[in-house]
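Opened the notebook to jot down what I looked up in this one.

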Amino acid sequence: MKAIQVAEFGGPEVLKLQEIPTPQPAAGQVLVRIHAAGVNPYDTYMRAGTYAVKPQLPYTPGSDAAGTIEAVGSGVTKVKKGDRVYTAKTISGAYAEYVLALESQVHLLPAKISFTQGAGVWVPYGTAYHALYHSAQAHARETVLIHGASGGVGTAAIQIGRAMGLTVFGTAGSQKGLDLVTREGAHHAFDHSKPGYTDQILQATGGKGVDIILEMLANVNLANDLKLLAINGRVVIIGNRGEITINPRDLMARRSSARGFTLWAITPEEEADIHAGLIAGMENGTLRPVVGKELPLAEAARAHKEILEPGAHGKIVLVS
Ligand code: NAP
């Protein structure tokens, strides 16, 4: 099969398309014929060798894919050959024509969700769901600011936030991104590249502040976020690429908090909640992954460059 392989940590150019043996499923494992693989920012940190999780070399990147079950190992009962599935982590890596996964790592993909959309489910939607339900414990009466709403996690958070009944504010840094944020259901959209946009956010809350902030770039925004919170507000730190100085007094005055998580460390119960919620949402049409760009598997290096550039527009997926 064709697969992207990384033999040394480095820039996007270390992503090489190779011909490697197609794996065979052992007991409790499944083989999925992949039609699309999702590209996530963490794939780039892992490839660079700067991520907390360092895979053994050589490895094939990617945790998110969608396709059909090609073969199942002994003892597998959850899925059968031909079933449409999405993956949430894999054994052998999603940037490939086939992937080996544990039975527990594949989930049935609702009929109305395409394979390219299915490649954008696990990390973006799992993160947005965990942030709103488990971390922020959001209530329908509350306001959420999705600080970075035009990308994978952000568009997922808009849809989930609206389904929960929240008042949703979203930010983007381009007109295309702002249009997407509005189209996906945000009540108000703000441009995070424009000076003074945080004043506009505060004004839109009548000066009260927002109850919840989902933060995609904490090293840039956290200090300002703390000033945008309402009493008992919470910032959920999802993305961060460096250090920042904050004034703890901003938390004290509002009895507010900042918390963070990584999707790798959630409990099995939380993961079960997430898949049940996401599958129900995809079935009833409230969750509709947005695919902004499809690239061939061979162009993984281009995808790794583009995902870190400004002007996000939903998901970048690799098709094979
Ligand atoms: P993505 O699709 O590349 O989107 C990035 C988002 O960040 C876009 O909406 C982008 O907006 C926005 N952004 C850029 N500059 C910003 C600024 N100054 N202020 C606020 N937002 C800004 O990435 P993603 O998949 O949504 O992931 C977002 C972040 O969360 C990444 O850092 C990722 O590594 C992290 N993440 C963490 C977890 C976890 O477990 N904690 C899980 C998933 C993702 P424009 O391009 O429109 O400017």
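My entries follow, and I keep in mind that this is a predicted model.

**Entry 1, aromatic rings.** How many aromatic pairs does the structure hold? I get five. I looked up Tyr42 with Trp264, which pair edge-to-face, the centres 5.4 Å apart and the planes at 90°. This pair ties together distant parts of the chain: Tyr42 belongs to helix α1 (residues 41-48), Trp264 to the loop between β13 and α9 (268-283), and 222 residues separate them. Then I checked Tyr45 with Tyr51, a tilted pair with 6.0 Å centre to centre and 45° between the planes. Tyr42, Tyr45, Tyr51 and Trp264 make up one aromatic cluster.

Is Tyr42 buried or exposed? Its relative accessibility is 10%, and the cut-off for buried is under 20%, so Tyr42 counts as buried. Tyr45 comes out at 24%, so I put it down as partly exposed. Trp264 has a relative accessible area of 40% and is also partly exposed.

I looked for arginines sitting on ring faces. Arg33 lies over the face of Tyr98, at 5.5 Å from the ring centre. Arg84 has its charged end over the ring of Phe115, 4.6 Å from the centre.

**Entry 4, the strands behind Arg33 and Tyr98.** I followed that contact back to the backbone. Tyr98 is in β6, and Arg33 stands opposite Tyr98 there. Strand β3 (residues 29-39) pairs with β6 in the antiparallel sense, and I note five bridges. Four of the five residues of β6 (residues 98-102) are buried, so the rest of the structure largely encloses this strand.

Which span do the end C-alpha atoms of α3 have? Helix α3 (residues 122-135) has 14 residues, yet those atoms are only 17 Å apart, short of the 20 Å a straight helix would reach at 1.5 Å a residue. I also find 13 of its 14 residues buried, so α3 is largely enclosed by the rest of the structure. Just after α3, Gln137 has a positive phi of about 50°.

Last stop was strand β13 (residues 257-260), where I found Gly260. At 53% relative accessibility, Gly260 counts as exposed.

Methods: Residues are numbered from 1 along each chain as its sequence is written. This is a predicted model: local features need pLDDT of at least 70, side-chain atom pairs count only at pLDDT 80 or more; totals for chains, interfaces and linings use all residues. Side-chain values use heavy atoms; hydrogens and water are left out. Helices (H or I, at least four residues) and strands (E, at least two) are DSSP runs, numbered from the N terminus. Buried means under 20% relative accessible area, exposed over 50%, partly exposed in between (1.4 Å probe, protein chains only). The expected span of a helix is 1.5 Å times one less than its number of residues. Two strands pair if DSSP finds at least two bridges between them. Rings of Phe, Tyr and Trp (its six-membered ring) pair if their centres lie within 6.5 Å; planes under 30 degrees apart count as stacked, over 60 as edge-to-face and the rest as tilted. A charge sits over a ring if NZ of Lys or CZ of Arg is within 6 Å of the ring centre and within 35 degrees of the ring normal.
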